[in-house]
Amino acid sequence: MASEDLDDIRRAVRAVCSDFPGEYWREKDRERAYPGEFVDAITQAGFLAALIPEEYGGSGLRLDAASVIMEEIQALGCNGAAAHAQMYVMNTLLRYGSEDQKTAYLPAIATGELRLQAFGVSEPTSGTDTLSLRTFARRDGDDYVVNGQKIWTSRAEHSDLMVLLARTTPREEVAKKTEGLSLFLVDMRKVVGNGMTIKPIRTMMNHSTTEVFFDDMRIPASALIGDEGQGFRYILSGMNAERILIAAECIGDAKWFIEKASDYAKERQVFSRPIGQNQGVQFPIARCYAQMRAAELMVHHAAQVYDQGGNAGAEANMAKMLASEASWAAADMCVQTLGGFGFAEEYDVERKFREARLYTVAPISTNLILSYVAEHVLGLPRSY
């Protein structure tokens with residue numbers, strides 16, 4: 001997408017985010033409340049429908065534009081994690097959903113009438129070993145009956161729809177271990193309290209995450225996305241989009257920390273001089289800026305590979321790792337620069353510090369990214 005068009009997107013995001021200053025986010029963080037007003041605002045502005053084709057009421061933009069949206073939200077001190085799932089889950093529905101599913105749900109998602117914010121994959125016993133998940137969907141006539149449990153399913157309490165990955169064929173009965181998993185688009189409005197139970201998990205940041213239990217939950221066979229047994233293959237594309245978008249958020253966070261530290265270092269006077277005049281203060285800021293810019297290039301490259309239809313696995317993983325590390329380095333530097341004020345709620349640094357820590361762990365850990373690069377890029381033996 002042309003740089004001038006991306007600049008227009010950035011300006012539009014800034015205009016919306018200006019209505020949600022630090023005080024808004026501090027209150028939500030303090031109360032562990034979902035920022036519904038913010039999500040509604042960016043939905044009405046069309047940002048969460050960026051990837052939905054125009055014929056379904058969306059903007060029909062590419063992932064590079066969506067990445068700019070999420071980056072800018074973070075760079076302005078807001079928290080896109082409250083809504084980012086709708087971006088990356090959308091790709092799975094767009095690529096593999098039936099025409100009936102797209103027609104039934106995409107226009108309502110685009111207008112904000114429906115929220116697609118929940119992605120049920122991780123389980124307590126399997127973690128990132130997705131092929132070992134145990135949640136099972138058994139075909140029963142015109143329905144599937146689902147039993148099992150998911151964990152770290154963020155925003156489940158604030159979503160109308162969930163994309164759910166479940167086993168439909170026992171693992172010991174499939175020819176390949178990547179087979180036998182299926183993907184479903186679950187209308188949560190019909191099953192919460194009727195086979196689905198949601199329990200919130202309180203964490204160090206306000207992330208609205210939950211564990212979800214399925215007890216003989218019935219969903220229609222029409223909820224199946226694509227072909228039965230091919231769900232793992234379907235989610236790989238969505239996971240690449242997820243990693244690129246979250247990497248873009250990390251770049252935005254890094255920019256916020258660097259700007260916050262730079263501004264403070266210019267104004268803060270100690271020993272009758274601004275602390276930013278001292279190399280011991282300015283060098284860490286400059287190093288974080290260089291680290292952020294390098295990661296930023298990787299993120300844009302990954303989005304371009306994805307948009308061109310290539311296998312962006314390596315690029316998406318490296319972008320996520322480099323951007324999350326750049327964000328965390330900038331967060332640590334910012335606290336160090338502000339000193340005691342970095343721990344004061346009113347400066348927003350401690351809140352953003354806690355939020356930034358998540359992304360070196362989720363949605364995939366750095367160790368698994370390194371394992372992927374070692375095996376699939378460098379040709380080293382599989383380590384697990």
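Domain bounds here come from an automatic or database domain assignment.

1. The model is predicted: local features need pLDDT of at least 70, side-chain atom pairs count only at pLDDT 80 or more, and totals for chains, interfaces and linings use all residues. Residues are numbered from 1 along each chain as its sequence is written, and side-chain values use heavy atoms, with hydrogens and water left out.

2. The assignment gives domain 1 (3-111), domain 2 (116-229) and domain 3 (233-377). Taken over C-alpha atoms, the centres of domain 1 and domain 2 are 24 Å apart. Domain 1 puts 23 residues into the contact and domain 2 puts in 22 residues (contact means heavy atoms within 4.5 Å).

3. An unreviewed UniProt entry annotates residues 3-113 as "domain: Acyl-CoA dehydrogenase/oxidase N-terminal". UniProt positions are given in the numbering used here, feature names are shortened, and annotations may be inferred rather than shown by experiment. The span 3-113 is 65% helix and 0% strand, with its end C-alpha atoms 32 Å apart. Helices (H or I, at least four residues) and strands (E, at least two) are DSSP runs, numbered from the N terminus.

4. The UniProt annotation "domain: Acyl-CoA oxidase/dehydrogenase middle", also from an unreviewed entry, covers residues 118-217. Over residues 118-217 the chain is 46% strand and 4% helix, and 17 Å separate the end C-alpha atoms.

5. Asn 317 belongs to helix H10 (residues 313-338). Its relative accessible area is 2%, so Asn 317 is classed as buried (buried is under 20%, exposed over 50%, partly exposed in between; 1.4 Å probe, protein chains only). Beyond neighbours within four places in sequence, Asn 317 contacts Arg 243, Ile 364, Ile 369 and Tyr 372.

6. Ala 329 is also placed in helix H10. At 24% relative accessible area, Ala 329 is partly exposed. With neighbours within four places in sequence set aside, its contacts are Cys 288 and Gln 291. Val 299 is 30 residues from Ala 329 in sequence, and the C-alpha to C-alpha distance is 17 Å.

7. Val 377 lies in helix H12 (residues 366-377). Val 377 is partly exposed, because its relative accessible area is 45%. Val 377, Leu 378 and Leu 380 make a nonpolar surface patch of about 290 Å². Patches are made of residues with over 30% relative accessible area and no salt bridge; like charges are joined within 9 Å, and nonpolar side chains (Val, Leu, Ile, Met, Phe, Trp, Tyr) within 5 Å. A salt bridge is a side-chain nitrogen of Lys or Arg within 4 Å of a carboxyl oxygen of Asp or Glu. Accessible areas come from the Shrake-Rupley method with a 1.4 Å probe, and for residues only the protein chains shown count as cover.
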